[in-house]
Amino acid sequence: MAEGEVTKLQNHLSLLREEYVKLQERLVDVEKKYHVAIATTGQSAGGDDSFVSRLLKTVGELFNKETYSDITILLQGGEIKAHKFIMTARSSDWGPGIEISKVSQLDLTDISYDVAYALLKWVYTDEINIKSEETFLLELLKVSARFQLDSLGTRCENALMSFVTMKNCIKFYQSAEEMAASILKKHCSELISSHWDDFTSEDFANMPAALLYRMFKSKSEYVLHTAIRVKREDVVFLYLIEFDSQLSVKLNELDTRGDIPLDLALLSRQESIAQLLVSHRADVNRKDNTGRSLLHKAIKRGDSFSAIFLIRNKADINAITHLDQECPLHMVASYRPEDSDSQLIDGMAQVCQELLLNGANPNAQSTDGSTPLHRAVYNRNRAVFDVLLKHGCLNLELKNADSQTALWLALQTTGSGNGSAGIFLANNGALVNHVNFKGDAPLQLAIKRHLPVIVEALCASGVNMNIVDKDNNCPLWLALDSGQEDIAHILVKHGCDVDMWGEGPDGCQQNLLHQAIDENNEAVSCFLIRSACDKNSPRRPGPNEEGGEEARYIIIITDNKGRNFLHTAIMNGDIESVLFLISVHADVNSRVQDAQQYTPLHLAVLALSEIITRNLILAGADVNERTLHGESALHLSSMNDNASLVTALLENGVEINAVDENQNNALHIAVAHGNMHTIRCLLTESTIEAEVPNGKGQNPLHILCQYGKDNAAAIFELFREAMPDYPIDAPDMEGNSALLLAYLNGNGPLCRALVRANACLGLTNKHGCSIFNATVASKQLIFKLLDMLSKEPPWCDGENCLECGVKFGIKTRKHHW
């Protein structure tokens, strides 16, 4: 607001105050005349010449006059001549033990001169200057209360109201309480209510605890929360005394902002209040509306003070979040130094230390399989990384969802500052020969990322220097082929095989020198010769004397993508070429030399060609050959909705219940892709195990509910048609029922189909989640499901009532009517 407008508003306020004072004076004058009129009732209407008027005038003129004076009032700066009958008429209480009729002096020297003089003048004249300063009026109000001069007190209260503002209303409220000034107190109370949210702890700092407690009780629904926010431990203590029998509920109550008393105290670093709450049974593991515990919230906001306090007061140090399954150690390891200041990182390292000292599990894995060490490596949090590595029970070989150990992750992120972490892990017991799901070992990755220091550390730790990757290349060839002679020297220094015999053209055996010469790579050839490789041995026949037959040689020639003529013909759908190659005895089980290594039959199935598939089977193709991921041709055909291909494989003896690396059979795959025709074929034309769980403990119905397409409800009806007794309430490994999975994924049609099939509504998973308490965007679906019920839903097993939490007993089972 501009300075000119502020000045203008202040001027307006001053004018309003003057008008208020004038009105007060006019009111007093009217009241005075009114009382005179009442007193003269029945007398002659002589106006100002009446007896009462003359009496009042005479009393006023006697102020500080010796005429008729029979008592002296002692003031700080002098004395005033007074009259006992006038003093007695105003009040019978002029001090403890004082009878005004029996004394000749009244000592008022304990009152300031201005206040005492104004008081005595009012006693005689009934006049007071209400334009005086607020401090003067407050002191006069206090004196009026002392001598029971109620009318004077009321005048002072009305005058003081013009001085009350938002900034000083609490001070005036306190003064009014002390002097029992009800009018002023009411006015201040209304102003406080209007600006309740604008006050801070400093505004209440000087108010007595008992008074403040009473105010909070009248102004706030959550007194304890308010007392903590204004940092008044004495008020908190009064609350604890009053609600001693209800503390287990009151101390863990959420206010309208979703805050918990203990969290408020910790957030403002009021340790003494926090300790007081804990000692009176505050729940250190209380969760908020989002399911996060106090410890989770403290770490999330980077509050090491609160986190350490909670840990030392027995908070659950292994509590996990609902969605990500993260424990507190995961959370402290997730801070990135480049996004946080050093003080925050050091604080989280201290929290990590406290967690480990109090028994936290350093090997806990989240939903993505990451351990706290994985998180520390990924986020380059060296402070937490160092604390974790000092723990004696750390498992360095645990893998995340991508089959990566902490060492692997450190190598992958080495360019981001994790080089030292990778070296440390390699030198301190990490499994250096672990191969991930892509078929790569740490040594191969270090070579590909040109990390000679890491290669040196791995070699010194006993890594297998002759391991081959998915392309059948050894580490020495990877280094030489990419021009990294420095790494090649390290490998040779540590004793790698410089010959490395392997499969060559036409199935023969060749060494690295043969391969380098074939590729006309002079630099690699010279390096191998300088490294004392075998320069004299020719290529050798394969284990079964492979190599030499011209026709076969032509057929197995591969292109730069590892595909031979038969592979290419199948992928192009060239039936004539396929039949010709089969007629000249092409190997119908040869694999493509690439990352997938599919057989011709796999390629035919993926190309959706039934005629090529049947001809390859007739030519001797193995229908049960697997891919690198354990998939059979039946798995691959189930990815596409081509029932004729599935029928062809079933007719030719494919293993019906074969499972891939994730323990999925063909029905799992077909359901995941929503292939209705394939599912019908598998259920009606084979004896496939439709109830078998995969590696995650999920049967095909679980898969349908988790990944279901638009036709999921129709597929479920197909299951019911083929298998009327299908166990629709069976839980998966996490305790999730089919209905819960469908509900969490918002598949309304499928949920309704399950409810119609009499699925149990109340089942909960291992994390206590059911359709009634699951966190979803809208509750409309559950309302519609409940509206569908035409009869009482089936009971589900459990010790407690899902609606109210009451524990079941012999006499307590069905208790909601």
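# Notes on a predicted model, from strand pairs to helix contacts

1. **A strand pair to start with.** I71 stands opposite A82 in β2. T72 also has a bridge partner in β2, namely K81. Strand β1 (residues 71-75) pairs with β2 in the antiparallel sense, over five bridges. Two strands pair if DSSP finds at least two bridges between them. β1 and β2 form a hairpin, with two residues between them.

2. **What kind of model this is.** This is a predicted model, in which local features need pLDDT of at least 70, side-chain atom pairs count only at pLDDT 80 or more, and totals for chains, interfaces and linings use all residues. Residues are numbered from 1 along each chain as its sequence is written, and side-chain values use heavy atoms, with hydrogens and water left out.

3. **The whole protein.** The protein has 42 helices and five strands. Helices (H or I, at least four residues) and strands (E, at least two) are DSSP runs, numbered from the N terminus. Of its 817 residues, 47% count as buried. Buried means under 20% relative accessible area, exposed means over 50%, and partly exposed lies in between (1.4 Å probe, protein chains only). Now take the contacts between residues at least 6 apart in sequence: 65% join residues at least 24 apart. Contact means heavy atoms within 4.5 Å.

4. **The sheet.** Which strand order does the open sheet of three strands have? The order is β2-β1-β3, and the pairing is mixed. β2 (78-82) and β3 (105-107) stand at the edges. Each has a single partner strand, so one side of each is left without a neighbour in the sheet. Neighbouring strands of this sheet are turned by 25° against each other on average, direction ignored. In a regular strand the side chains alternate between the two faces of the sheet.

5. **One side of α11.** Helix α11 covers residues 233-242, and V235, V236, Y239 and L240 in this helix are buried. Why do they lie on the same side of α11? They cover an arc of only 145° around the axis, which puts them there. The arc is that of the directions from the helix axis to the C-beta atoms. What covers these buried residues includes α9 (209-219), α10 (223-229), α12 (247-250) and α14 (271-279).

6. **α16 against α18.** Two packed helices are described by the angle between their axes and the distance between the axes. Helix α16 (residues 304-312) and helix α18 (residues 342-357) have axes that come within 9 Å and cross at roughly 5°. Axes are lines fitted to C-alpha atoms, for helices over the stretch in contact, and angles run from 0 to 180 degrees between N-to-C directions. α16 and α18 are therefore roughly parallel to each other. Angles under 35 degrees count as roughly parallel, over 145 as roughly antiparallel, 65 to 115 as roughly perpendicular and the rest as oblique. On the α16 side, S304, A307, I308, I311 and R312 make the contact. They meet G347, M348, Q350, V351, E354 and L355 in α18. The residues of this contact of α16 with α18 divide into six nonpolar, three polar and two charged. Ala, Val, Leu, Ile, Met, Phe, Trp, Tyr, Cys and Pro count as nonpolar, Asp, Glu, Lys and Arg as charged, and the others, Gly among them, as polar.

7. **α24 against α26.** The axes of helix α24 (residues 452-460) and helix α26 (residues 485-493) come within 10 Å and cross at roughly 10°. α24 and α26 are therefore roughly parallel to each other. P452, V455, E456 and C459 of α24 make the contact with D486, I487, I490, L491 and K493 of α26. By class, the contact of α24 with α26 has six nonpolar, no polar and three charged residues.

8. F716 is found in helix α39 (residues 712-722). Is F716 buried or exposed? F716 is buried, with a relative accessible area of 1%. Leaving aside neighbours within four places in sequence, F716 is in contact with L701, L704, I728, L750, A753, L754 and A757. F716 and L754 are 38 residues apart in sequence, yet 8.1 Å apart in space, C-alpha to C-alpha.

9. **Two loop residues with positive phi.** N64 lies in the loop between α2 (51-61) and β1. Phi of N64 is near 60°, a positive value in a residue other than glycine. At 36% relative accessibility, N64 counts as partly exposed. Q663 sits in the loop between α35 (643-651) and α36 (666-673). Phi of Q663 is near 65°, a positive value in a residue other than glycine. Q663 counts as partly exposed, at 39% relative accessibility.
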